[in-house]
Amino acid sequence: MHGWLSEETNHVAWRRFREHGRTLLVANANRTQAEQALGCDIIFYNVTRHSVVLVQYKKLDAERGGFYYPTGDRNLAKELRRMKSLDRYAERHAGLADERRLDPSPSWIKLCPPRSVLPHTTEMTHGRYFSRRQFESLRDDARLKDGRGGAVRFGYKNVPTYLDNTLFTRLVETGQIGTTGTTTDLVRQQVIRSFRGQRNLVLATLSGEEAPQAARNAQRRQAR
């Protein structure tokens with residue numbers, strides 16, 4: 001979380017990040033039902049902007065040229081069905097008066113390097129983010145272009161556009177992506193109800209008073 005001050009908390013599973021009066025809590029909740037119900041590994045909850053974003057992690061294959069092969073992932077089809085169901089659920093409950101987002105769908109996929117060595121534990125794993133719709137569109141386009149039944153693959157050299165950590169976290173921070181309005185409340189309730197499992201899940205919440213974006217940018221420039 002570039003520009004945020006990291007602090008330990010009184011619980012080993014939690015870490016606190018602060019920036020200009022706002023707080024982001026990130027927790028390793030050690031749960032399973034949320035992943036099974038929603039098809040995600042990490043949940044970002046921006047309390048200030050009232051948005052929820054869910055991310056499913058996928059690892060590139062070091063033994064196959066550093067690519068990710070959707071056809072070789074036995075879990076992908078089930079996860080995409082869950083994510084699509086959640087995106088449609090969010091779309092059905094969106095209201096005309098809700099705040100506008102660049103992308104109001106909650107479901108995202110992150111492709112990560114096969115081996116990620118982070119010098120500091122507070123840094124995010126490197127990778128590329130795709131909305132669920134973008135990921136499926138790229139996969140389907142690759143199938144059509146191939147036309148020979150070959151294996152579709154995602155790699156740094158053949159994916160035209162994506163979000164990196166910096167762009168993704170800025171969009172989450174400013175509430176430009178994720179759920180909105182009543183949809184946020186409904187998805188948040190699903191997340192809370194699903195916290196009764198056994199596997200790892202990370203939940204991040206962002207709260208605190210938010211200054212206008214121009215003021216936040218000025219604060220960042222002064223801090224450099």
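Reader: Over which ring does the charged end of Arg153 sit?

Author: In this predicted model, the charged end of Arg153 is placed 4.0 Å from the centre of a ring. A charge counts as sitting over a ring if the distance is within 6 Å and the direction within 35 degrees of the ring normal. The ring that Arg153 sits over is that of Phe67.

Reader: How far is Arg128 from the ring centre of Tyr162?

Author: Arg128 lies over the face of the Tyr162 ring. Its distance from the ring centre is 5.6 Å.

Reader: How many aromatic pairs does the structure hold? Is the pair of Phe130 and Tyr162 stacked, tilted or edge-to-face?

Author: The structure holds 9 aromatic pairs. In the pair of Phe130 and Tyr162, the ring centres are 6.4 Å apart and the planes stand at 55°. Planes under 30 degrees apart count as stacked and those over 60 as edge-to-face, the rest being tilted. The angle of 55° therefore makes this pair tilted.

Reader: How many residues apart in sequence are the parts that Phe130 and Tyr162 tie together?

Author: Phe130 belongs to strand β7 (residues 128-131), whereas Tyr162 is in the loop between α3 (132-146) and α4. The pair therefore ties together parts whose separation in sequence is 32 residues.

Reader: Is Tyr162 buried, partly exposed or exposed?

Author: Buried means under 20% relative accessible area, and exposed means over 50%. Phe130, at 0%, counts as buried. Tyr162 has a relative accessible area of 31%, so this residue is partly exposed.

Reader: Is the pair of Phe135 and Phe154 stacked, tilted or edge-to-face?

Author: The ring centres of Phe135 and Phe154 are 4.7 Å apart. Their planes meet at 10°, so the pair is stacked.

Reader: Where in the chain do Phe135 and Phe154 lie, and how many residues apart are they?

Author: Phe135 is in helix α3 and Phe154 in the loop between α3 and α4. Phe135 is buried at 0% relative accessible area, and Phe154 counts as buried at 2%. The pair links distant parts of the chain, the two residues being 19 residues apart.

Reader: Which residues do ring pairs link into a cluster with Tyr68?

Author: Phe130 and Tyr162 form a tilted pair, and Phe135 and Phe154 a stacked one. Ring pairs link Tyr68 into a cluster with Phe130, Phe135, Phe154 and Tyr162.

Reader: Which residues is Gly175 in contact with, leaving aside neighbours within four places in sequence?

Author: Gly175 lies in the loop between α4 (165-173) and α5 (182-193), and at 1% relative accessibility counts as buried. Its C-alpha atom is 7.5 Å from that of His50, 125 residues away along the chain. Beyond those neighbours, Gly175 is in contact with Asn46, Arg49, Ser51 and Arg101.

Definitions and conventions. Residues numbered from 1 in each chain as written. Predicted model: local features only at pLDDT ≥ 70, side-chain atom pairs only at ≥ 80, totals over all residues. Heavy atoms only, no water. Helix = DSSP H or I, 4+ residues; strand = E, 2+ residues; numbered from the N terminus. Buried < 20%, exposed > 50% of the residue type's maximum accessible area, 1.4 Å probe, protein only. Contact = heavy atoms within 4.5 Å. Phe/Tyr/Trp six-rings, centres within 6.5 Å; stacked < 30°, edge-to-face > 60°.
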